[in-house]
Structures are given as structure tokens and as C-alpha cells.
Amino acid sequence: MTRPSELAGREALSSAPAGRGRRDPRLDFFRGLGMLIILTAHIPDNTWILWIPARFGFSDATEMFVFLSGMASAIAFGRVFDRDGFARGAGRVARRVWQIYWIHVAVFVVIAALVAAAGTRPGGESYIVELNLPHFFADPMGLLPRFLTLGYVPNYFDILPMYLVILALMPAMILAERAHKALPFVLMAAIWGLTQAHLLDLPAEPWSDRPWFFDPFGWQLLFYLGFFLMRRTLPAPGFSRILMALAIVFVIATVPFAYYRIIEASPFFGGWARALEPLTDKTHFGILRLVHFLALAYLAAHLVGPGGARLKGAAVAVISKVGQQTLAVFVSGMVAAQVLGMALDHTGRDAFTTAAANLAGFAVLIAVAYAVAWFKAMPARAGGAPIPEAA
């Protein structure tokens, strides 16, 4: 027999929606929250970034985005593999990869045109230089083929390439799962291990040895943990006071090794922070980033109550709407962040203008989410069904 407290704990972390067609409120809310944090982090010289989660721990909103995208992909694609067969599932994934690829191209073209038209800051600094695009504008004919084949991935444009490579691994992960429930985890760990040894680095530019800032072969570990958690191939841990205490202690203990003021003021913590860099490396997804994120996720899953029962209110509803349309919201945020940074260059960055810029950015993301949801609902009124959002 299972005690009621254990059942409640398992329900709190259970990844499957409660009913057919019902959305998981935790998935939408935390994805929406992640989108707002990512926008804040992308606005150039934004003082609000001093207060985002990344300043206080090893993981940040990127982990939230990747993990929850894995969970959402289990709904959008995993069920197609199960219901319609492997070929149709692989075709659905290929179509999504194709869509994301062209969105990546379009976002690059739009932002490149934007910084070219904007020219320079009031102080004379070039926007092209700040986005590290001088090589592209100096030799567009030479770099365009490399960009289209993902051999040239500028830093600001690296999340979508990471995501499409991770998605492309899904058919192999599904086959591994069908062969044996443990096999995908062995595959995930092996790929991640090779990445830690820098054996799978992808070149980001032809004039240096810089790899992609987000290595998909490292980050796939987190994505597919979320994916297989949602599919229940990976059982969710139940409620445990010991695990809760360990998670709280670990999250608090990491703060001195991540908070910039402590690192700058203390040679001890600063030295240890540098020593831990291979384990907190963002490019290859160091192991301490994983542990920190899982600790936060465990705490968050229980704080919001079983099935997200505590996620109520108007603000939660708005943030959840943003989380339901993350791909459109994310790419809109990339463009909006640059526009807002340019506006702040002209208005100055005092407390009022910075707050206004961030809140305006949030308003843009919310408006995009509601607009996209409205357009997606139109086929449903005509007898069709809305397409679930995977990324």
C-alpha cells in the first residue's frame, strides 16, 4: 500500500496531464516565466539582469526553457510516434526542424538588417560590432553559405540551432526507448560524456576555433530528461523531506559561488568559482548546472502544489498564455530586446527608463502570445484542432 503523502508527492511531480486534451498548468506557467527572464537577459546593458536567477546559482532560464521544451515535445511528438507509428513521428519531427531552421534564418536577417539600419550608438559604438557581425558584413557572400549550413552561428543566434539539432535526435531516442527502457539514458549519458571531453564540438565560425555557445550534444541530456519524464519512461520522484532539505541546502550553498558581489569581494569564493568552471560550463552543460536545476525543479514542483493547484490568478493566467506560445514569443523577444536596447541608448538607463523598457518588452511578449493563440484557434472554429506547441 502507498501512503497518501507519497501519492500526493508523486502527483506533484507527475508529468502527464490529468486528462485528455487538458494542458498542464505547471508546464505553461514556468515556460512563460522563462520567456520573460530570457527577454530580460537579452536586452543589452540591462541592469535588471542583476536580479535574474542566473546571478544566484549555476543554472538559469535556459535550463528551464530546454527542460520544459523536452516535456512539451513529449506531448507534441511522442504521442505521434506512439499513435501513428515511427515513420509519421519522424516526419513530424523533421517538419518541425525545417520550420525552426527557417525561423532561425529569418530572425538573423531581420536583426542583421536592424543593426545595419541603426548604425551606431550615440557614443559612436557600432551595433554591428556589438553583435559580433563585422565578419558577416565584410564578406556576406562568403559567410552566407556557412550560415545556411550552420557552420557560422553568431552568439546571439545560437539557441534555435541548438534546439533543432536536439530535436533531430528524437527518432534515435524513440528507437532506443523501444529497444529497452534504459537504453535512451545510456545514449544520453554517452553523448553528454563525449561532449565534456570536447569531442563533439561544432565550429561556430571559420576564423577561430570557437564552438557553438550552446552545444546541443551537451544540452540534449536535460531536454531528454524532461522528454522521458513526461512519457513516464523516467519515473518522477515522490515527495521526500530528505530530498526537499537536500535541494534547499544545495540551492542556498551555491549562491556564494555564483553571486557576483560575493565572488568579487571574496578571494576564497572567487577562487572556488573559477575552479568549478568546468562543472558549471554553460556551453557544454556542466554537471553542476544539471544538479542545481533539478534541485530548483524539485522545489518548484512541490511549491506550486499537486498538479499546479496553487497556480491561480490573473497574473498566472497571463504568464501561462506566454508559455503556450514559446517559439513565437522567443523569436519576437530576440528582436524586441535589440530594439529596446537601442531605445535605452538614446533615453539613458536610469531606474525609470530601464523599468519602462523591461515592462514594454513583457507587454510585447504578452501581446504576441495572445495574438498567436487567437490565430491558432481559428481552425478550431472551423472544425479543426489547434496544433500543440512543442517549443
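I started with Arg-232, which sits in the loop between α11 (216-230) and α12 (241-258). Helices here are DSSP runs of H or I with at least four residues, strands are E runs of at least two, and both are numbered from the N terminus. Arg-232 has a positive phi of about 65°, although it is not a glycine. I also looked up its cover: Arg-232 is exposed, at a relative accessible area of 54%. For the cut-offs, buried is under 20% relative accessible area, exposed is over 50%, and partly exposed is in between (1.4 Å probe, protein chains only).

A note on what I am looking at: this is a predicted model, where local features need pLDDT of at least 70 and side-chain atom pairs count only at pLDDT 80 or more, while totals for chains, interfaces and linings use all residues. Residues are numbered from 1 along each chain as its sequence is written, and side-chain values use heavy atoms, with hydrogens and water left out.

Asn-132 is another non-glycine with a positive phi, about 60°. I found Asn-132 in the loop between α5 (127-130) and α6 (134-138). Asn-132 is partly exposed, with a relative accessible area of 32%.

**Glu-177**

Is Glu-177 buried or exposed? Glu-177 is buried, at 5% relative accessible area, and belongs to helix α9 (residues 170-179). Leaving aside neighbours within four places in sequence, I see Glu-177 in contact (heavy atoms within 4.5 Å) with Pro-184, Phe-228, Arg-231 and Thr-233. Glu-177 and Phe-228 are 51 residues apart in sequence, and their C-alpha atoms are 9.1 Å apart.

**Helix α4**

Next I checked how α4 packs on α8 (residues 159-168): their axes come within 9 Å and cross at roughly 170°. Axes are lines fitted to C-alpha atoms, for helices over the stretch in contact, with angles from 0 to 180 degrees between N-to-C directions. The two helices are therefore roughly antiparallel; the label needs an angle over 145 degrees, against under 35 for roughly parallel, 65 to 115 for roughly perpendicular and oblique for the rest. On the α4 side I noted residues including Val-93, Ile-100 and His-104, and on the α8 side residues including Leu-160, Tyr-163 and Leu-167.

I also found a nonpolar surface patch of about 410 Å², made by Trp-98, Trp-102, Leu-144 and Leu-148. Patch residues have over 30% relative accessible area and no salt bridge; like charges are joined within 9 Å, nonpolar side chains (Val, Leu, Ile, Met, Phe, Trp, Tyr) within 5 Å. Accessible areas come from the Shrake-Rupley method with a 1.4 Å probe, and for residues only the protein chains shown count as cover. Helices α4 (86-118) and α7 (140-148) each supply at least two of the patch residues. Trp-102, in α4, is partly exposed at 42%.

**Salt bridges**

How many salt bridges does the structure hold? I get twelve, each being a side-chain nitrogen of Lys or Arg within 4 Å of a carboxyl oxygen of Asp or Glu.

Arg-289 pairs with Glu-63, with the closest N and O atoms 2.7 Å apart. Arg-289 is in helix α16 and Glu-63 in helix α3, so the bridge ties together parts 226 residues apart in sequence. Glu-63 is buried at 0%, and Arg-289 is buried at 6%.

Arg-289 also meets Asp-60 in a salt bridge (3.3 Å, N to O). Asp-60 lies in the loop between α2 and α3, so this pair ties together parts 229 residues apart.

Last, I looked at Asp-45 and Arg-121, whose closest N and O atoms are 2.5 Å apart in their salt bridge. This pair links distant parts of the chain, 76 residues apart. Asp-45 is partly exposed at 46%, whereas Arg-121 is buried at 16%.
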